[in-house]
Amino acid sequence: KLVKVSKKYLPNVMKVIDEHRLDTSPFGLRGNISSLLMAIDNNTLTEWFAKKKNEDKGINLKPNHVRGTDYWLMDGDEYVGSFSLRHSLTDKLMIHGGNIAYVILPSKRRKGYAFAGLSLCLIEAKKIGLQRVLITCDTKNEASYAVIKKALKHYGGKKLPDIAFENTSNHRVWINTIDKDKIR
């Protein structure tokens, strides 16, 4: 299941948070996990949860930031990954970041959790009125791109040209959240 980040599930995340901290993958320590680790290290978890609640409501956003909802992917009571759903896109997010970002706990990778979580996140995107979402990943991130291609095949959408970003390049793919025939 996909749950909004909350204090209720924090103990489940804390049981395995060091696995994220020790992740050596160049694509592993990202998104709400890196900010959560900083909040833990700085003893600012209360502020972190308040910020996440405000971001979900679109309150007190930094300039050039968009409304977004952060989720934890749970298998029963076990935390397996984190997902972020941005409700809209900026020009920068069109190049790098897109609508959905995710990271799976290293020990849970290559077990289908990324696709399962992405599928659940697409349901949430549809609930907020998005007909499609943009997902990006580094062109060197073969595992993430395999998940994106699987979603493209399953849900439909459109692959955009790869685009340069900083010292690398990104794949960019629109994934439908509703029936392909209803997309205009």
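Which two strands form a hairpin, and how many residues sit between them? Strands β6 and β7 do, with 2 residues between them, and Glu 166 in that turn has a positive phi of about 50 degrees. Keep in mind that this is a predicted model, where local features need pLDDT of at least 70, side-chain atom pairs count only at pLDDT 80 or more, and totals for chains, interfaces and linings use all residues. Residues are numbered from 1 along each chain as its sequence is written, and side-chain values use heavy atoms, with hydrogens and water left out.

**The sheet with the hairpin**

- Strands β5, β7 and β6 line up in that order as an open, antiparallel sheet of 3 strands; strands here are DSSP runs of E with at least two residues, helices are runs of H or I with at least four, and both are numbered from the N terminus.
- β5 and β6 are the edge strands, each pairing on one side only; two strands count as paired if DSSP finds at least two bridges between them.
- Neighbouring strands in this sheet are turned by 20 degrees against each other on average, direction ignored.
- β5 (residues 132–138) and β7 (residues 168–176) run antiparallel and are joined by 7 bridges.
- Along that pairing, Arg 132 has Asn 176 as its bridge partner in β7, while Asp 138 stands opposite Asn 170.
- β6 (residues 157–165) is also joined to β7 by 7 bridges, again antiparallel, and Leu 160 is partnered there with Arg 172.
- β5 is mostly covered, with 6 of its 7 residues buried (buried means under 20% relative accessible area, exposed over 50%, partly exposed in between, using a 1.4 Å probe and protein chains only).
- Helix α7 (residues 142–155) lies across β5, β6 and β7, at about 25 degrees to β7; axes are lines fitted to C-alpha atoms, for helices over the stretch in contact, and angles run from 0 to 180 degrees between N-to-C directions.

**The four-stranded sheet**

- This open sheet has 4 strands in the order β1-β2-β3-β4, paired antiparallel.
- β1 (2–4) and β4 (100–104) stand at the edges with a single partner strand each, so one side of each has no neighbour in the sheet.
- From one strand to the next, the twist averages 30 degrees.
- β1 pairs with β2 (residues 68–75) over 3 bridges, in the antiparallel sense, and Leu 2 stands opposite Leu 73 in β2.
- Helix α4 (residues 45–57) packs on the sheet, touching β1 and β2, and its direction makes about 115 degrees with that of β2 (contact means heavy atoms within 4.5 Å).
- Helix α6 (residues 113–127) packs on the sheet too, touching β1, β2, β3 (78–86) and β4, with its direction at about 40 degrees to that of β3.

**The second largest pocket**

- The second largest pocket has a volume of about 210 Å³, a volume being the space filled by probe spheres set on grid points joined across faces, edges and corners.
- A pocket is an open set of points on a 1 Å grid over the protein atoms alone, where a 1.4 Å probe fits, with protein on both sides within 12 Å along at least five of seven lines; lining residues have an atom within 4 Å of a point.
- Of its 15 lining residues, Lys 4, Val 5, Phe 49, Lys 52 and Lys 53 are the closest to the centre.
- α4 and β2 are the elements that give two or more residues to the lining, and α4 has the largest share, with 8 residues.
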